[in-house]
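Notebook open. I want to look up how the parts of this protein meet.

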Amino acid sequence: MKGLLTGAALLALAAGTASAEEVTLQLKWVTQAQFAGYYVALDQGFYEEEGLEVTIKPGGPDVAPVQVLLGGGADVMVDWLPSALAAREQGADIVNIAQPFKSSGMMLTCLKESGVSGPEDFKGKTLGVWFGGNEYPFLNWMSKLGLPTDGSPQGVTVLKQGFNVDPLLQKQAACISTMTYNEYWQVIDAGLSPDDLVTFKYEDQGVATLEDGLYVMADKLKDPAFVETMAKFVRASMKGWKWAEENPDDAAMIVLDNDDTGAQTESHQKRMMGEVAKLTAGSDGTLDEADYKRTVATLMGGGSDPVISKEPEGAWTHEVTDKALK
């Protein structure tokens, strides 16, 4: 599928690429269907139709998207709102310009045999948690439950989880962090059945926060030309996301075409795309203010150790999506 362009894209290319506006996107993680909309927009020529030449940079365990953005290595990045707001509180002047993901896919997946059937059973257990900005929703959830995360008998022991499911399979933890579209299925593929597991979706627990959004440096938004470029980028990206929702299997194959590592498989990416489509459904790219306020309230509700101390000002803007949707 790579290299197949629409007629409009071919016309854009025929006019020459010298005037194409270059945009570099930094992903939050490795090439996978979590980012299918951007790869679809590239593959199907949606970026070219907008006069853009887009470079997509995969992330990974050693890549901090906000540091790439701050260092000028990207024009726009994909990040979760909790980590973005935490970075803002620490001085990174970044702004959300679009929110392709409407719902959260984060959850805890627990071994039923560990004795966990509800959140009240977490006390005294070891729970696997991702860090690098992904820990904030979890920490606030534990705070709301009144459970210290210091390893005390009255609290929980936090296991700094790598980006795999080994702690659950090896029974080092009663529960681990998983995404509905990724690690949960790795557990299933490892031989466990849904009947062996108990899952807690953050959405169901009332502690869900906004995940994959698009962020830029605030000072760049002072330049009308940059705003216009980002509007084109968001418009093409959301076109890619809606195409991916309607053609999940084809979108998964496009992702595979762009996976230079060869680590991804067709079956896993197709399954992932089916789950990711549930999270992007209902979004036109505009950040919903109610969803934003819910995320902020969750992050400020951390008891004596909230993730953010106050609601930040200027953390998001509709300027770009308003232009993109015209």
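I began with polar contacts: I find 8 residue pairs in polar contact between domain 1 and domain 2, both residues of each pair at pLDDT 80 or more. I keep in mind that this is a predicted model.

Next I asked which helices supply the domain 1 side. α5 (81–89), α11 (266–280) and α12 (289–300) each give at least two residues to the side of domain 1 that touches domain 2. Of the elements on that side, α11 gives the most, with 6 residues. I sorted the residues of this side by class: 11 are nonpolar, 10 polar and 5 charged.

Then I checked salt bridges. The rule finds 1 across the interface of domain 1 and domain 2. I also looked up D189, which forms a salt bridge with R271. Their closest N and O atoms are 2.5 Å apart.

I went back to the domain bounds. Domain 1 runs over 19–101 + 208–323, and domain 2 covers 104–203. I read 25 Å between their centres, taken over C-alpha atoms. The contact takes 26 residues from domain 1 and 20 residues from domain 2.

Last, I looked up the area. How much do domain 1 and domain 2 bury between them? I get about 2000 Å², with 59% of it on carbon and sulfur atoms. On the domain 1 side, W80, A208 and R271 supply 25% of the area buried against domain 2. That is more than any other three residues supply.

Methods:
Residues numbered from 1 in each chain as written. Predicted model: local features only at pLDDT ≥ 70, side-chain atom pairs only at ≥ 80, totals over all residues. Heavy atoms only, no water. Domains from an automatic or database assignment. Contact = heavy atoms within 4.5 Å. Buried area = accessible area lost by both parts, 1.4 Å probe. Salt bridge = Lys/Arg side-chain N within 4 Å of Asp/Glu carboxyl O. Polar contact = N/O pair within 3.5 Å; in protein donor to acceptor, adjacent residues only side chain to side chain. Helix = DSSP H or I, 4+ residues; strand = E, 2+ residues; numbered from the N terminus. Nonpolar A, V, L, I, M, F, W, Y, C, P; charged D, E, K, R; others polar.
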